[in-house]
Amino acid sequence: QLTPSPFLRIGQLSNVDLNEDIHELETEVPRQRPNEIPHNEKLLSLKYESLDYDNSENQLFLEEERRINHAAFRTVEIKRWVICAMIGILTGLVACFIDIVVENLAGLKYRVVKDNIDKFTAKGGLSFSLLLWATLNASVVMVGSLIVAFIEPVAAGSGIPQIKCYLNGVKIPHVVRLKTLVIKVCGVILSVVGGLAVGKEGPMIHSGSVIAAGISQGRSTSLKRDFKIFEYFRRDTEKRDFVSAGAAAGVSAAFGAPVGGVLFSLEEGASFWNQFLTWRIFFASMISTFTLNSVLSVYHGNAWDLSSPGLINFGRFDSEKMGYTIQEIPIFIFMGVVGGILGALFNALNYWLTMFRIRYIHRPCLQVVEAMLVAAVTATVGFVMIYCSRDCQPIQGSSVAYPLQLFCADGEYNSMATAFFNTPEKSVVNLFHDPPGSYNPMTLGMFTLMYFFLACWTYGLTVSAGVFIPSLLIGAAWGRLFGISLSYLTKGSIWADPGKYALMGAAAQLGGIVRMMLSLTVIMMEATGNVTYGFPIMLVLMTAKIVGDYFVEGLYDMHIQLQSVPFLHWEAPVTSHSLTAREVMSTPVTCLRRIERVGTVVDILSDTSSNHNGFPVVESNPDTTQVAGLRGLILRSQLIVLLKHKVFVERANLNLVQRRLKLKDFRDAYPRFPPIQSIHVSQDERECMIDLSEFMNPSPYTVPQEASLPRVFKLFRALGLRHLVVVDNRNEVVGMVTRKDLARYRLGKEGLEELSLAQT
């Protein structure tokens, strides 16, 4: 165990989302910035709190539920659908905004650079063009990286690992704030325009989730505004369901794949699932893709033609030309194997790179410098590759947006430039649909190699960016190369169409990196608008996942593990039957009596060494000496609200009626309950008594201490608990199981390992 130094203790306080007063406290402590942060993947961080998926069924809650009649429940249900519709509309609009801004800015940048290159090709001095391109890229990425590193670091990356953790029940600070959304959207635009090897699809999932969390609460803590709507939904249970709808809406806006969105939410995200939730999520996805479609159609000038369902459209694949035969099945399986191996290589490289970043590049200024370096290197690599390439293709009949002539004859363009000199989305579509013979195999091979390392280096930078499109692009490039080699071998027979293999390669590469099966199959089918390839895509993805999992785990799971998040998988580790609740639980437990002194409560809450969030309530009979039986469970947040509203009476008149609190008082304080330091309790008030009976949850879940770990795990995970009380046969509290106690045990290479807990 690390000994908590004073400056780590302050870091610990930030579990309770603090307001301004504590930030002043933080700045007083001198920030010692070590040059190297020792980081070990065998740690579990204590800075993450759990979400409460389980409602606290205290007297207030039960009274409120009994007051609500059938008609009122109907209005609540209608409100849920309305919120889902709003999530869909807003997510679609955000996606439109990103798309339109990226298209215009990137178009402007490429036109400037193209004119410059054309000018200097004629009279020599191309190094100026390179300087211009690299400077443009680096300066745009610098802005994008500055806002992420200094304003909201949680907006870095694609945000999918963070949302996955949130839906698993881990409270990641600031992950669903409005500020995060603004930084995310601006960051994505800047990093795509800055020419990094990134896509804008992954961050849409995070953006959708933030929108969902914001709308469903009916207020914004960043703006300090409360709209007084949807107050019934102010608790973790409801918020988490809406966030999974937001994630689905994000996927469906990104790929134009509503069913894919629902499946993504099911496969990667939501830990809890029921049929009503599925319908609502599907509704949100559908609305989101429709909104995006109609707005973009109006923007492109054909208002009645709904032809752009997603941010990326892979274009139509022609079914007549593009069938497949039985002898191609082994070829597809082989491509899946290649995708799995390459994906595993990508993940392994990115793992070591991320470890290096955590250890050495942890200052925001260094992170910005690294992002600028990557941007400049990307431009330089692209320029050098285009410069050295002698692969010329005729301009006639080709659909190239920015044809660069460079050293080609008149009426021809450089085909390496179509791959590098474009946003990654457009390059993917070109690789899928350009007619056979548009690319030289050498061009594709070099491009795949360079782009693989660039994309690997870029993922994990301090910019908002996704890994979806770069993976598709790498896969499409080697898939097309594969198709060309096949048609060489088979003397150009009709079935070896390079576009088809580009699609399979893209699926294999993406499946090998992120290891999603269900959702990816449907996303690829919906984005290409082709059902013919359903079976080959499934085959390729299955193979890629099986092969990849043999080497390392998926990219998102790896990043979750690197951040030491106490993430609970679907099942307990296989070999853990030998452990019982007695060995897993945390002891000693801080218990409160049913009628407790206010001073005792304040002292327990102020004790930074324990920092518990749930306290079992035991019977308070002062005459007996033995430990009393369990009566209920009360949360830190509830106690803080009670102290803040001063719900206590003097010892003499215990039978007086206390000031009645309503459930609304607890909801208004959610989700940022004030820290105990901000609540003033005078010396006289410390002697008063506080009666917890109507606020505690009188029926908390308990397990006997003999229960095996898989049993405890199943109960904890399936009900989404935050605290599970361990009792002995006399119903006396002997321990408490929390998320960290269960997430500590993991299957390693040598069997079951136990991770150590760290304060950082």
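Which residues in H23 meet which residues in H24? Val598, Val601, Val602 and Leu605 in H23 meet Arg636, Leu639, Ile640 and Leu643 in H24. A meeting here is a contact, that is, heavy atoms within 4.5 Å.

## Basis of the report

This is a predicted model, in which local features need pLDDT of at least 70 and side-chain atom pairs count only at pLDDT 80 or more, while totals for chains, interfaces and linings use all residues. Residues are numbered from 1 along each chain as its sequence is written, and side-chain values use heavy atoms, with hydrogens and water left out.

## The chain as a whole

The protein chain has 28 helices and 18 strands. Helices (H or I, at least four residues) and strands (E, at least two) are DSSP runs, numbered from the N terminus. Of the 760 residues of the chain, 58% count as buried. Buried means under 20% relative accessible area, exposed means over 50%, and partly exposed lies in between (1.4 Å probe, protein chains only).

Among contacts between residues at least 6 apart in sequence, 78% join residues at least 24 apart.

## Helices H23 and H24

Helix H23 covers residues 598-606 and helix H24 covers residues 636-644. Their axes come within 11 Å and cross at roughly 130°. Axes are lines fitted to C-alpha atoms, for helices over the stretch in contact, and angles run from 0 to 180 degrees between N-to-C directions. H23 and H24 are therefore oblique to each other. Angles under 35 degrees count as roughly parallel, over 145 as roughly antiparallel, 65 to 115 as roughly perpendicular and the rest as oblique. The crossing of H23 and H24 is left-handed. A crossing is left-handed if the near helix is turned anticlockwise from the far one by less than a right angle, and right-handed if clockwise. By class, this contact of H23 with H24 has 7 nonpolar, no polar and 1 charged residues. Ala, Val, Leu, Ile, Met, Phe, Trp, Tyr, Cys and Pro count as nonpolar, Asp, Glu, Lys and Arg as charged, and the others, Gly among them, as polar.

The buried residues of H23 are Val598, Gly599, Val601, Val602, Ile604 and Leu605. An α-helix has 3.6 residues a turn, so residues three or four places apart point the same way. H24 is one of the elements that cover the buried residues of H23. The cover also includes the strands S8, S9 (595-597), S10 (614-618) and S12 (689-691), together with helix H26 (683-686).

Helix H4 (residues 70-123) and helix H11 (residues 275-299) have axes that come within 7 Å and cross at roughly 35°. The crossing of H4 and H11 is right-handed. Sorted by class, the contact of H4 with H11 has 16 nonpolar, 5 polar and 4 charged residues.

Ala245 is found in helix H9 (residues 236-255). At 1% relative accessibility, Ala245 counts as buried. Not counting residues up to four places away in sequence, Ala245 touches Cys84, Ile281 and Ala284. Ala245 and Leu277 are 32 residues apart in sequence and 8.2 Å apart in space, C-alpha to C-alpha. Thr237 is also placed in helix H9, and at 14% relative accessibility it counts as buried. Leaving aside neighbours within four places in sequence, Thr237 is in contact with Asp52, Tyr53 and Asn55.

## A threonine in H16

Thr448 belongs to helix H16 (residues 441-458). Thr448 is buried, with a relative accessible area of 11%. Its contacts, not counting residues up to four places away in sequence, are Ile474, Ala477 and Trp478.

## Backbone features in loops

The peptide bond from Thr587 to Pro588 is cis, with omega near -15°. Pro588 sits in the loop between helix H22 (581-584) and strand S8 (592-593).

Two residues other than glycine have a positive phi: Ser564, near 55°, and Asn731, near 60°. Ser564 lies in the loop between helix H21 (555-562) and H22, and is buried, with a relative accessible area of 7%. Asn731 lies in the loop between strand S14 (724-727) and strand S15 (733-737), and is partly exposed, with a relative accessible area of 32%.
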